Structure formats: C-alpha cells, structure tokens
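Here are my notes for your read-through. Please keep the sequence and the structure open beside them.

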Amino acid sequence: MQSILGNQPTAPSNPADRILAARTLRARFAPEIHDPRPNELPALAPGLHEWFAGNDPRGNGLPPMSVLIGLAWRVIDADPGRRIVWIGRHCWPYPPALVRRDPADLRLLRCSLFVDPASKGERVWAIELAARCPAVAAVLADGAGLTMPESRRLQLAAGGHGPPILLARPSREQRELSAARTRWRVTPIAHEGEQRRGWEAELRRCKGVWGASPREDARRWAVWRDHATGDTTFEPIHQTSDVDLAAPLADRPHPAPRARLA
Amino acid sequence: MLLVTHERQRQIVARCCERAASAGVRPGMPAAQARALFVVGAVRIEPYDPETGRRALRRLAVWGERFSPVVALDEPDGLLLDVTGCERVWAGEQRLLHAATRGLAALGFVARASIAPTFAGAWGVARFGPKDTRLIPQGGERDAIAPLPIAALQVDPETVAQLAEIGIERVGDLLALPRSTMPPRFGPDLLLRLDRALGQAIEIIEPVRPTPPPEAQRVFEGPTSRTDAIGLAVRELIDEIAGALAARSCGARRLEVELARSDLEPHRLAITLARPSRDGKHLWALVRPGLERAHLGFGVEGVRVRAPAVGRIRHEQAECLDAYAGPPPAEIERSSAELLDTLGNRLGLDRVLHASPRASHLPERAFQMRRASDPRSAHEETVPKDRPTVLFDRPAPIDVLALTPDGPVHRVSWRGETREITACLGPERIAGEWWGPSPGGTREYFAVRTDRGEWLWLARSIESRRWFVHGVWA
C-alpha cells in the first residue's frame, strides 16, 4: 500500500511546512480567509454570509445589528459612493445608530436604502435584485425562513464579483441547510469597561475549507462599538493555524486478533 | 444677492434681491459701489445668466396656467395673464389676485400684481402703483394710470426725458395734451402706448405654449388577447417615446400605458421613476410585470403610451474607461436609479425608503423616513447622540429593581428571565415637545449592561413611574 501511493503528494512532516502548505491550499480553495491583513473579515468577501445571534435561548431574538452596522461601515470606508441596502423591516437598524459622531460622519445613513418587502418571496427577489446591481456595495437582509434553494439562488447572484450579502438569521435556524459561504455566530461579551460595548463574532463555517471541523477551526473576532464616537472596531481574538492537512497516508495498524470464545 | 455682468472690464449689477434694492442697489450700478453699501461678507455676488432667468420665467409661466389658460412672458421678470372669465373659478378677481400672490410668495418670489381691463394698464399699475396688489375695475383705467410716471406706459427712456424737459412727468399730464400734437413731437409710439393703456388700441400677447407630453399609440386591426403581440406593441411604443425624449434631451419621470379593452373600460398602468430615464430596456422592464398581470377582457383594440412627467437629462462627458477603477460614477448613479425604480414599482414606493435625521430629542422622532424616489433631499444634518442599534416601535414593559428610589438599576426581569445589572449609565432626561403632542411624556433613559453582556436602553416614565425597554444594542 505504501509503495503504491508513494508518488502521491503527502503532507510534509515538518509542522512549519505543514502550516505553509495549508495556507497555500487555503489560498487556492478559500481565498476569502487567506488574507495577509490579520483584521480582515471573510464576511466582506463576495457571496452569502449568515449571521446568527447566539445568545437567545428561544432562537427568535434580534439580529446582531451592531456587528452588521460595523461591517457596513467597513464596506463604505473601502468603497464609498455605492449603496448599502437593508432589506426586511426586522433587519432595519435604528437610523441614528448609523451615524459616527466624532468626527460627524453621515455617509452610511445617506447611502442606506431601506426596503420593506411584504412577503418572503418578495424579500428574496429584492435581495437578488440588489445583489446584481453594480451600484450596491453590500446587502444586509433578514434571512429568516430561507430555504436551501433560495440560499443557493442568492449565492449565485452574489457570485464571485458581487457585493457581500449579509443575512441576519434567527438562531433557531442554525441547523438549517444553506449554500452560504460563511456562517457566523454573535454573542455579547461581558466585559468590565463602560465606554464601549462588545460582541464576539465566531466563524462557524466557511465553505471551501475541508479537512477540519468548524468547531476546531473556529476563528473569533471581538467587535467593539465605542460609546462616544459610534465607531466599530474588529479585533481578532484567536488566530489558530486554521486549516491543517490530513495526516500522511499510511497502512492501518492491524487489528488485534479476536480471542476465540468457543 | 447681486447678479453681475461684465461691461468694459467692470462688474455691473444686472439684478439684485429685494433686500439689496432696499439698501439702495440699482441695476446698472457698478458692483464695487453696490458692495460698499453692505458690511463685508453680507453680500453674495453671482454672475448673471440671462438664459437661466428666461428658463425660470418660462417654468413660472407654466405654473401660472393654474390661474389662466393664457399666460405670456414679459421678459425679463414679468408675466401677463389673460384672466377674462377665470374669476368665476376663483369666486372673484380679488381672490384670484390674492391666490396668485400667495402662491408666488410660497415659491419664494416677491411679487407685485394687478388686474386691469387692459394689459398695458395692469403692467403700469403693477410696476409703478403705490400698492403691491391692486384691482382696477372696468372703466377705471384712466383714473388708475393718471398719477403714474410716464415710464408706466412702457415708452423708451429718451421719450421720457423729452417729456420731462417740458414738465410732463405723469400720465395725467400727458392725457391733458391734445392727441394730435403728440405724434409729430414724440413719434407715433407714445400715442399707441397710451391708447393701449386706455383700451383704445388692441394689444396682442403671445402665450406660452406648454410642450405636450410625448405620446404614441397603436390601434390593432381587431381585438386581441395575445399578450406577446400586445407586449411587442408596447415595447415599440416605448422605444418611440424614448426617441422623442432623446430629441428633447429629457427622460420620463412617469410613464403611463393604456390598454383600450373592447368590452371594459381602459386598463391603465403607471410607473414612477426616481430619476429621468429614456432607456427603453429599463422602461420596458418596469412596465412588463404590470402588463403580464393585466386583465385583457375580450381583447385589446389598441395601446397608448405617454410620459406625462418628464425631467431634463444633462449631457455628461464620457469618461475614460479604466478596468481597474470600477464603473464610472455616472454608471453607478444610473444603476442606482434603476434599482430604485424596479424596487419601487414592484413593492410600492412607500416600501423603498431613505432615512434622514431630524432635530428632535424624542428617540421615535429623531429620524424621518421618506420615499427614496422623492427627488427632494433632506437638509437637516443633525448628529444624534449615542443611541441603540435597534429601537422598538412599542417600548416593552419591564420589571426593574433599584436599591434606592431613583437610584441605579440593580436587577431587571424581562421576557421571563431575571438578569443582574453590572453597569448603569444615566439618567438622560428627555422631555416631551411642548409645541406639539408628545404621547410618551417626559422620560428618563438608562443604558444598562446585564450580567450576560447585553446592553439595554431602559426608559422610566416620569408621570406613570413605569419602566420600559425602548431599545437594545443588539
């Protein structure tokens, strides 16, 4: 067996080389999480991203709006002049929370468009339409009740060059099937300071990454919203070696012979 | 505000606002001299563009058609309306006069107006009369113009100066002269102007003809219920309308499609656009869903497409194509307008909104939602305080335990769970608006952090002493 697979590429035995090889593979299959900038969030890559508020036991709580507002600000800072579309009244933020105060900055409020579809079908249609519009920088939408075909349709609409679609989904739907590129869970951070409010954003799933379970490969960010300025910052909490390769191929150890009972 | 023009390398005042005129500024005055009448920085000077003023006056003439179907321009700053018979609609000429001046004031214009039996008489009384508004009854034109200066007859300045040399400065003085002596000494124009003011000569005005909206229609040979044929006809008519709009350098702000059904009343579809457009493909994409849902009855005999509201599309400089810079701003703006149109026409214009801040301390009134298709932009630039990211439409009641009355919050019970409070910021007292109804009354707000790390925005009503959760930093 070993001799037959001898020409196959195997993972290097040196740990440093294994990490390097893992990063190379990750850059090939999941470029959104292979970013030299340590603070960059894969949730801003083109595609569908699902966000769950993880602290609600009944699973029908409020969407993680502070984190979504912070992400919208990052999109606007990187790509000013385009629109941010909020789809679904359940996912609308309180408009004054979209303003930075020091210095005064109303760009996000000015470029935000609030859409209130009457049904789920209209909501999916509106998300898809906004995702295909070149004037839209990001779509933030209520993703409650989305089925697998609908999520696949939205993922295709965002494609490889479309805007990020950030869906706020209730936590009771964490086990639902979805074609989303990433899946996140947000929980509040019980910290001591009073000048800022904090949440932890945990990457639970990232499509294209194989060979490691999401739980072991979780990546976490601390999201801080400043009380005085209204600004939101993202700080990585835990950077693991992320994706590891499978162990080198080898023959299985022979099972111990069973004792005959009779 | 001064509008200046250049003459012999000097800035000359061409027009001025009412306040500048009351300060002594007159058209024809050097701008430097006019500027000296004001403190530094109190006067704003802009270049005078006669064409802009002409276009604005024409738009005002179209607005004036609500008072009379015959409106003529009296350039550079006047309108002539033939209101014969229109006073019945307005319950009298006096009411019509007041309605017109009030409407102009609402538009920001300072206006003087007069109604008289003759155009020339009304012109003179409005511009040189003692009052801002005046109604001259039938047969009273002679008495009305007699005390006015000679310039009220619209004669040229040289004639005014010649008459002034012989001591004739008022129209009444001119009326005392023998008619036969006027033409040889001052030319035939003076007598003609006088006769027009008195109603003894005909005066013809050229009314503004509003451009009819672009319209195209097609009649079928017989009633048809084939949607593909009807759609093809509508598509072609839209392209025809788009061509007509291109010839006018305009785009449609509203498009109406009318299907003439053989057995029912006509079926009408209307779409509203956020930005003027003459893109046939885009217009067809907006019309098509409504056309597919239309009830055709026993067949459609003809279709008609018209654009009752149009807007000017400015010519734009083509931009250099740069593959790395993304789409140009004009392309983004066009795509954005198309997105608004598509969303608004399918979901409803009231479901596609913009938000703008308002100067109000009450959280529920600190912003204003308005239609995204509304071309008017918000002017308020209020920067709000730190507010929760989610505000409840209806504050949720909550049980609160404080160790001391009016002291910091210690424990809350909300949604069937008890939570300890680890931080409490406040209170922030927000009173109701005394100038209007404020259902919530005066409240005290606290931002509290639970032992789970959640931040709640609690409100305590001063009147009822009850506690509510008004928002959450979710």
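1. Which helix of chain B is largely enclosed by the rest of the structure? It is helix 5, residues 119-128. Eight of its ten residues are buried, so the rest of the structure largely encloses this helix. Bear in mind that this is a predicted model.

2. The buried residues of helix 5 of chain B are Phe119(B), Ala120(B), Gly121(B), Ala122(B), Trp123(B), Gly124(B), Val125(B) and Ala126(B). What do they pack against? Their neighbours in chain B include four strands: strand 4 (70-74), strand 5 (78-82), strand 6 (113-115) and strand 7 (133-135). Helix 6 (141-145) and helix 10 (188-198) of chain B also pack against them.

3. Now chain A as a whole. It has five helices and eleven strands. Its length is 262 residues, and 53% of them count as buried. Take the contacts in chain A between residues at least 6 apart in sequence: 70% join residues at least 24 apart. The chain exposes about 12700 Å², with 53% of that supplied by carbon and sulfur atoms.

4. Are the two partners buried or exposed? Arg351(B) is partly exposed, at 29% relative accessible area. Asp116(A) is buried, at 12%, because buried means under 20%.

5. Within chain A, look at Arg204(A) and Glu202(A). They form a salt bridge, and their closest N and O atoms are 3.2 Å apart. Arg204(A) counts as partly exposed, with 26% relative accessibility. Glu202(A) is buried, with a relative accessible area of 11%.

6. Within chain B, Arg419(B) and Glu417(B) form a salt bridge, with 3.4 Å between the closest N and O atoms. Is Arg419(B) buried or exposed? Arg419(B) is buried: its relative accessible area is 6%. Elsewhere, salt bridges with shared partners link several residues of chain B into one network.

7. Last, a point on surface charge. Which residues gather in a patch of positive charge on the surface? They are Arg55(B), Arg59(B), Arg312(B) and Arg314(B). Arg55(B) lies in helix 3 (residues 50-63) of chain B. Its relative accessible area is 44%, so Arg55(B) is partly exposed. Patch members must have over 30% relative accessible area and no salt bridge.

Note on methods. Residues numbered from 1 in each chain as written. Chains lettered and ligands numbered in written order. Predicted model: local features only at pLDDT ≥ 70, side-chain atom pairs only at ≥ 80, totals over all residues. Heavy atoms only, no water. Buried < 20%, exposed > 50% of the residue type's maximum accessible area, 1.4 Å probe, protein only. Salt bridge = Lys/Arg side-chain N within 4 Å of Asp/Glu carboxyl O. Helix = DSSP H or I, 4+ residues; strand = E, 2+ residues; numbered from the N terminus. Contact = heavy atoms within 4.5 Å. Areas by Shrake-Rupley, 256 points an atom, 1.4 Å probe, with all protein chains shown as cover. Patch = residues over 30% accessible without salt bridge, like charges linked within 9 Å, V, L, I, M, F, W, Y side chains within 5 Å. Lys, Arg positive; Asp, Glu negative; His and termini not counted. Charge placed at Lys NZ, Arg CZ, Asp CG, Glu CD.
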